[in-house]
Amino acid sequence: MDAFEWMSPQDIEQAARAATTTVAAAMVRDSGEPAAGDALLKAGGIDLLDLMKEGLLKPRRLIHLRNIAGLDRIEGAEGGLRIGPNVTLSQLASHAEVRMRFRALAQAAGASASPQIRHLATLGGNLLQRPRCWYLRSRAHHCTRKGGDRCFAFGGENQYHAIFDHKGCAIVHPSTCATALIAFGARLEITGPRGARRAPSVEEFLLLPEADLHRENTLEPGEIVTAIVLPAPAQATRSLHIKQCETESFDWPLADVAVVLDLESGVCRKAAVVLGAAAPAPHRARAAEAALTGKRIEEPVIRVAARAALQGAAPLAKNGYKLPIFETLLRRALLAATEG
Amino acid sequence: MSAGTRTQLQPVGIAGVSLGQAERPVGAEEAPALAPNAQLSCIGRSAPRINGHAKVTGSATYTVDVTLPGMLHARILRSPHPHARILSLDTGAAEREPGVRAVHVIEHPIGRAIEIAGPGEAGPARRQLRYVGDPIAAVAAVTAHAAQAALERIRIEYQPLPFVIDIEAARQSDAPPVFDRPVRTEVFGGPAAQLPQHGNVHGPDTSASRGDAAAALSAAEILIEGEFHTQVQTHCCLEPHALLADWRDEGLTVYMSTQFTAGIRAELATALGLPLSRVRVVVDAMGGGFGSKSRIGNDVLAAVALSRKAHAPVRLVLDRHEEQIDSGNRPATVQHIRAGARRDGTLTAVAIEAYGTAGVALGAGVGNFAQSIYDCPNFSLAQSDVFIHAGPGCAMRAPGNVPGAFAYEQIIDELAERLALDPLELRERIDSSPVRREERRIGAERFRWSRRLAPGGGQGALKRGLGMAQSHWPALVHTNCACEVRILRDGSVEVRSSVQDIGTGVGTVLAQVVAEELGLSPGDIVVRIGDTDFPAGPPSYGSRTTASLTPPARNAACLALRKLIAAIAPTLGTTPEGLTLRNGRISSSDGLHSIGFREAAGRLRTEQIGAVASRCDDYGGFGHRMGDFAFARNGLGGVQFAEVTVDTETGRVRVERVLAVHDCGRPINPRQIESQVHGGILQGISYALFEQRILDAPTGHMLNPNLEQYRILRSRETPAIEVHVLENYQGTSATDAYGIAEPSIIATAPAIANAVYNAIGVRVRTLPMTPAVILEALGRLPHRS
């Protein structure tokens, strides 16, 4: 890892001005070495440091966002919650209101990574981290996402790759928090380099390869996520996030699911069903949602919905096993959400 | 009986079961027979680890903590290609980089199979690279960063060549050959027999066969057959390979994380043409080796060469990526087994066809497990190495027997089921070991084996299963092994040996043995180890350290005490003959003379007295012997029971509980033994369920060269573990102690596999048993169009 400068701005504008590019853009190259000389934004630094140690990024300067005041709060906003991007995963997982009203998010955050990492990793960074695809993370593989001309997962080791929407690139989105955020209909607040603001939903913010092969989201150079906003859930909302990894400690999911159900005396008025580790962005299972909406949530309905969630799945040579896992997790999540 | 020997009565048998005494011939210098542990005060007690406090507080000195004035840092340039010829190599620009002090090109790499040059043939003119990570050159610079930067300035023109990394593809006759010529290799104790080599297939080695397996199989009343696949596991030592080489005119000193200081010294002396007396190898604290730190490698020779060139100490530490791709691994195997038996369970024939791959190295065999553990008159084993373009395998904790037991103990489990016999009952019939019989009895009772249901018998998606498997490992002894005990004038005591503590706690064991003999506490003994300036100790591999070193440690203590008694007897106005040490005092049998140990030492004429003792043969002799090491007459047993749950809808296997009953002769430090067994079980679970080197067939690169995507057992995968250790006295040495490290991993994976079968009623013959593998075995994968 090369030496770099450390900058610790006090406000968002200063930080936004200092950033020269995004992490995703800095990793795109024609071939050979990553460009040197970038100034990159850094929150917890968990992913950034990994990428630097692997030689995939060689920034000249890191812009440390953790000292900017006001970005580490969780506060009420119009009946929902406004979460600062510097809130750590452990803060999120232990926050009483998050646990009570947005249980799936607390579960996703609380089961991520390891306790040590959860104390450092931020929600903003979790959302913006690069995928774990081993071809993306290998200097030896110049893949499409880094500006190369092929996705090595096709015809390669694709057991941990996508079963949906993998046109041109088969990464899965790495954030389990994103799975839950999309299920809750969360929006982002983003500040641009000249104070411009926008507020896309997380679902709009995250991109599929068919929209852009080189990045997982619409973040532009100099843009900073300044808040993650959870809208007020309906009174009788039940939510749940569960995942399965190969190991229970410190592992990435083979499959994860978030369900958010608005239940009125056992009948589902509205359902959000999102699959993580299934596609390059969390996969909204609309057929499953339709199968649940207006129905009393009972075993047969759950079975139909769980099967419907996998409509259109196109597993690769080595990841067909993910289908029964998703179907099972979803069935169990719906059952547990209804019961709890 | 030859001169200088005597006979003495030794405790023999299993404590609490069959303990008695037997007469043994022993050498004249041997200490008197040691009583069973129940009568001792240091041996058999769980003395705290002498470096435990330093380790947990961070003050222990690992090799990476050693610094020397003017020290340089080295990094290694490695092949980016799985197979390539070097057409040209220019180090000029790298040598001119700021901060660079020396560049060394690795022309003749070691630690792999080596091609034999034909008569009159010089070696190949150009270096051929045979795996991604194959070391090419090394640079020493004032910082590691400068060294790394300089690597990128070495100009190399590669001619990429066709490669193969899949074991099945490599066996085909048209596969790109890893070696163009026959290869030579050596095993410990001498060269291996020359075996046929066709393409990438080296072998088969059939030397373990006996009887006529083919005929007996065709006549067998019962036939069991199965094919088993095991993966490559990497050692994953938490402490990486590290050394600091300091070449000076007066000699070479190497500080190095190693499992065998004395062996490294000998290898370095040979490789460099130096006398042994000019080479010193030093290690203090270590974070594991598991076989991968047994010998010198290219990293060691490169660092020494750089130190010599740069006239400065050179430090070289591998990073995790290098650890994963080029520090050895447990080879993959494919084993096809056919076993024939009579209806009463008696094994009549076993035929095993095995091939495995250690990448560019040899040694992917299946050990001596199947040929040794159960009686079977007709046995055939044909094992071959298959070369692929991947990093060399090397010894890893119970090499061969770990994959061997995974397969064979499942075959035995299957045979039991076919015969409608409990797996324990079948083993009562076919296992002649009285030690394992007792281990099965204890284990079955404590594990409550009788609650085991029929295979797949549980209700619901989550199925529970119980399984068991047995271990077999030779009891090894290193005979080139010595220890010194010194008694100083102030009553302090030192024990000295070049032996290294790789984390097993051998230093603590030495302190216990010496303290027992001198009537002191382990804390009174200063342990000086990990330095070839001390008498050459054994390696810490092959589960032989305690077996090899504790007898000479006890004998040296006994001799030093005799010298002390002889020295001070005149000051008591008596002769040494009647004086013995009892309850911390040197006293005459008539009770007229008595003096405390410390006070006695104070009467020495010189600052210290001491004695060096070396390992003699086991009383009654060894089974057989190869060079510096020997096989004791009896092997080591061990039985493990596993309880698992299998989620049949997600394929998730969870090990809930493992109960292990083991033997290691006389246990010296029960807590340390238990710790070793825990380590073996955890590594065994990790092997069974998680670990796997994944190579990318199109590019030859390892895709998980880290500890993130290379899945490994961590805290939440750790089951409840119970360990029971027998006191199994055999009366074969001054301490009667043997090893435990390797026996403790052998039975784990098959016990889990048998438990998985018991849970789901489907046999899983592939490792690791990931959700994908389990779901496939259960027929739950979607049908592909």
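I began with a bridge in chain B: B:H624 has B:F631 of β33(B) as its bridge partner. I note that the model is predicted.

Next I looked up the strands around that bridge. β32(B) and β33 (residues 629–631) of chain B pair in the antiparallel sense, over three bridges. I then traced the sheet they belong to, which is open, has three strands in the order β24-β33-β32 (chain B) and pairs antiparallel. I checked its edges and found β24 (476–478) and β32 (624–626) of chain B there. Each has a single partner strand, so one side of each lacks a neighbour in the sheet.

I moved on to B:D501. I located B:D501 in the loop that runs between β26 (493–496) and α13 (506–518) of chain B. Is B:D501 buried or exposed? B:D501 counts as buried, because 23 C-beta neighbours fall inside 10 Å and the cut-off for buried is 20 or more. I listed its contacts beyond four places in sequence: B:N51, B:M286, B:V506, B:G507, B:I529 and B:G530. I also looked up B:A208, which is 293 residues from B:D501 in sequence and 34 Å away in space, C-alpha to C-alpha.

Last, I turned to the contact between the chains. Chain A gives 23 residues and chain B gives 29 residues. On the side of chain A that touches chain B, helix α13 (residues 322–339) of chain A supplies the largest share, four residues. I sorted the residues of that side of chain A into nine nonpolar, 10 polar and four charged.

Key: Residues numbered from 1 in each chain as written. Chains lettered and ligands numbered in written order. Predicted model: local features only at pLDDT ≥ 70, side-chain atom pairs only at ≥ 80, totals over all residues. Helix = DSSP H or I, 4+ residues; strand = E, 2+ residues; numbered from the N terminus. Buried ≥ 20, exposed ≤ 12 C-beta atoms within 10 Å, placed from the backbone. Contact = placed C-beta atoms within 7 Å. Pairing = 2+ DSSP bridges. Nonpolar A, V, L, I, M, F, W, Y, C, P; charged D, E, K, R; others polar.
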